[in-house]
Amino acid sequence: MQTKPFLTLQDVKKIAAAAEAEALANNWAVVIAIVDDGGHLLWLQRLDGAAPVSSHIAPAKANTAALGRRESKIYEDMINGGRVSFLSAPFIDGMLEGGVPIVYDGQVVGAVGVSGVKSAEDAQIARAGIAALTA
């Protein structure tokens, strides 16, 4: 039987702290969500001033990135490119930029989703959190 890496609570806290630091350094009020490889929520953090709806959007973005094994922006680009039928894909609700998979040793072990600022900035925060795993 094969084994696979997985996120520990220590990993999740490290990712969350780095993502929070990136958001605070830029004075961005966001929600940070971290999920495992099955899209199950491991962490949800709403920074002061973040919009309540972001508490729903961030986990959806993370879930999409984890289940799809790719950044959620890819789905947004597909839809914006005219493939609107993809909106009917089951279990994928966060088809907006800001969900980034966490890849370790070539395997997706989870994802980070961020919501609250411009989509590219959401993704920037997610990537900063993920980068803490290799630091």
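## Two strands side by side

Let's start with one pair of residues: in this predicted model, Ile32 sits opposite Gln45, a residue of strand β2. The strands involved are β1, covering residues 31-36, and β2; they run antiparallel and are joined by five bridges.

## The whole sheet

Now step back to see the sheet. Four strands make up an open sheet, and reading across you meet them in the order β2-β1-β4-β3, with antiparallel pairing. Strands β2 (41-46) and β3 (99-104) stand at the edges with a single partner strand each, so one side of each has no neighbour in the sheet. On average, neighbouring strands are turned by 15° against each other, direction ignored.

A helix joins the picture here: α2 (residues 54-68) packs on the sheet and touches β1, β2, β3 and β4 (107-115). The direction of α2 makes about 155° with that of β4.

## Nonpolar cores

Which residues touch the most other members of the largest nonpolar core? They are Val30, Ile34, Ile102 and Val112, in a core of 20 residues. At least two residues come from each of α1, β1, β3, β4 and α4 (119-131), and α1 gives the most, with five.

Take a closer look at Val30: leaving out residues up to four places away in sequence, its contacts include Ala23, Gln45, Leu47, Val114 and Ile125. Another core, of nine residues, lies apart from the largest one; among its members are Val35, Ala58, Ala65 and Ala66.

## A residue on helix α1

Finally, find Ala17 in helix α1 (residues 9-25). Is Ala17 buried, partly exposed or exposed? Its relative accessible area is 44%, so Ala17 counts as partly exposed. Along the chain, Ala17 and Leu42 are 25 residues apart, and their C-alpha atoms are separated by 14 Å.

Conventions: Residues numbered from 1 in each chain as written. Predicted model: local features only at pLDDT ≥ 70, side-chain atom pairs only at ≥ 80, totals over all residues. Heavy atoms only, no water. Buried < 20%, exposed > 50% of the residue type's maximum accessible area, 1.4 Å probe, protein only. Pairing = 2+ DSSP bridges. Axes fitted to C-alpha atoms, helices over the stretch in contact; angles between N-to-C directions. Contact = heavy atoms within 4.5 Å. Core = buried A, V, L, I, M, F, W, Y, C linked by side-chain atoms within 4.5 Å.
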